Amino acid sequence: MIKVEHSIFALPFALIGMMWGTRYEFHTAWPGWRIFGLIVIAMVSCRSAAMAFNRIADREIDAINPRTKMRAIPAGLLQLRQVNLFFYGSCIIFFGACALLNPLALILSPVALGVTLFYSLTKRFTPLCHFVLGLSLGIAPSASWIASTGKLALPIIPITLAVVFWTAGFDIIYALQDDEFDRKNGLRSLPQTLGRERALAISRFCHLIAIVMLGLGGIMVHAGLIWFVGVAFASCLLGYEQSLVQPDDLSKVNMAFFTLNGFVSLGMFGFALIDQLIRS
């Protein structure tokens, strides 16, 4: 029910927020194993809770959509009470990890969880649901900055915005597969509302903004040259991702969505890590 990709998309950016936060506040990129472990636990448990809630909220929709009818609940692989138990367990683990990090992380934990859960409901009433998903992943670097420093600072905001627009851009691509289904069943998305061609244009604009924000974030934290090489790397991948999908050809959507975006997040973390190691 919970795919590794659901955490891989946002976790690398969360770790970038951790490294940049501790470097900015304490002049070291490593907060220690305890903070690192709690951030990973909080991140994975929050995303797992969000995905479980999504499966619970969408179980009736998933059952009638040919693309999703084999998901765990409609296919009978898991019972609703099992998924509910997993959801509540993930929430408890998330709040526990935040409580062990610092007071601000605990205070803001309901906000973080609320944003990630709210996304699952937005496609019922707004075509801007992609940006809510973007926000649910985009808060990861800011949350990790808070987790590792106990405070929020302006330099991490561009990276948060980069993840918001990067995620919205690739989620619009993913939603192209369901535009007809959404239209027939009263669900909202940009492809359903604007059509595939205009939605793709917005997706491409979102990815352009994401690249600009990655560069601006590097400037604000005084990142080294390696980070900006990584930004160029990400821009090439996103350009290639956009080239794979056309309004009348969705055959490569899964490659564009899962494979290339995994490379973007892991790649940016790799460049950020090398940059920090060089500076140590």
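Helix 6 (residues 103-122) has 20 residues, which at 1.5 Å a residue should span 28 Å; its end C-alpha atoms are 30 Å apart, in agreement with that expectation. The expected span is taken as 1.5 Å times one less than the number of residues in the helix. Helices here are DSSP runs of H or I with at least four residues, numbered from the N terminus. The model is a predicted one, in which local features need pLDDT of at least 70 and side-chain atom pairs count only at pLDDT 80 or more, whereas totals for chains, interfaces and linings use all residues. Residues are numbered from 1 along each chain as its sequence is written, and side-chain values use heavy atoms, with hydrogens and water left out.

Helix 6 is not straight throughout: a bend of about 40° occurs at Ser 109, the bend being the angle between axes fitted to the seven residues ending at a residue and the seven starting there. At the N-terminal end, helix 6 is capped by Asn 102, which has a side-chain oxygen 3.2 Å from the backbone nitrogen of Leu 104. Such a polar contact is a pair of N or O atoms within 3.5 Å; within protein, one must be able to donate a hydrogen and the other to accept it, and residues adjacent in sequence count only if both atoms are side-chain atoms.

The buried residues of helix 6 are Ala 105, Ser 109, Ala 112, Leu 113, Val 115, Thr 116, Leu 117, Tyr 119, Ser 120 and Thr 122. Buried denotes under 20% relative accessible area and exposed over 50%, with partly exposed in between (1.4 Å probe, protein chains only). An α-helix has 3.6 residues a turn, so residues three or four places apart point the same way. The buried residues of helix 6 pack against helix 3 (33-57), helix 5 (80-101), helix 7 (129-149) and helix 8 (157-175), where contact means heavy atoms within 4.5 Å.

Ser 136 is located in helix 7 and is buried, with a relative accessible area of 5%. The side chain of Ser 136 reaches the backbone oxygen of Leu 133 at 2.6 Å. Apart from residues up to four places away in sequence, Ser 136 touches Arg 47, Val 115 and Thr 116; Val 115 and Thr 116 are among the buried residues of helix 6.

Helix 7 also meets helix 8. The axes of these two helices come within 7 Å and cross at roughly 145°, with axes given as lines fitted to C-alpha atoms, for helices over the stretch in contact, and angles running from 0 to 180 degrees between N-to-C directions. The crossing is right-handed; a crossing is given this hand if the near helix is turned clockwise from the far one by less than a right angle, and is left-handed if anticlockwise. On the helix 7 side, the residues involved include His 130, Phe 131, Leu 137, Pro 141 and Ser 142. Their counterparts in helix 8 include Ile 157, Thr 160, Val 164, Phe 165 and Asp 171. Ser 142, in helix 7, counts as buried at 9% relative accessibility. Leaving aside residues up to four places away in sequence, Ser 142 touches Leu 152, Ile 156, Ile 157 and Thr 160.

In helix 3, Ala 52 is buried, with a relative accessible area of 0%. Beyond residues up to four places away in sequence, Ala 52 touches Met 1, Ile 2, Val 83, Phe 86 and Phe 87.

Helix 2 (residues 11-26) has 16 residues and should span 22 Å at 1.5 Å a residue; its end C-alpha atoms are 22 Å apart, which agrees. Of the 16 residues, 13 are buried, so helix 2 is largely enclosed by the rest of the structure. Just after helix 2, His 27 takes a positive phi of about 65°. His 27 belongs to the loop between helix 2 and helix 3 and counts as exposed at 66% relative accessibility.

A positive phi, near 60°, is also found at His 222, a residue other than glycine. His 222 lies in the loop between helix 11 (196-220) and helix 12 (225-244) and is exposed at 60% relative accessibility. Leu 77, in the loop between helix 4 (59-64) and helix 5, is exposed with a relative accessible area of 61%. Contacts of Leu 77, not counting residues up to four places away in sequence, are with Met 70 and Ala 72. Leu 77 and Ala 143 are 66 residues apart in sequence and 34 Å apart in space, C-alpha to C-alpha.
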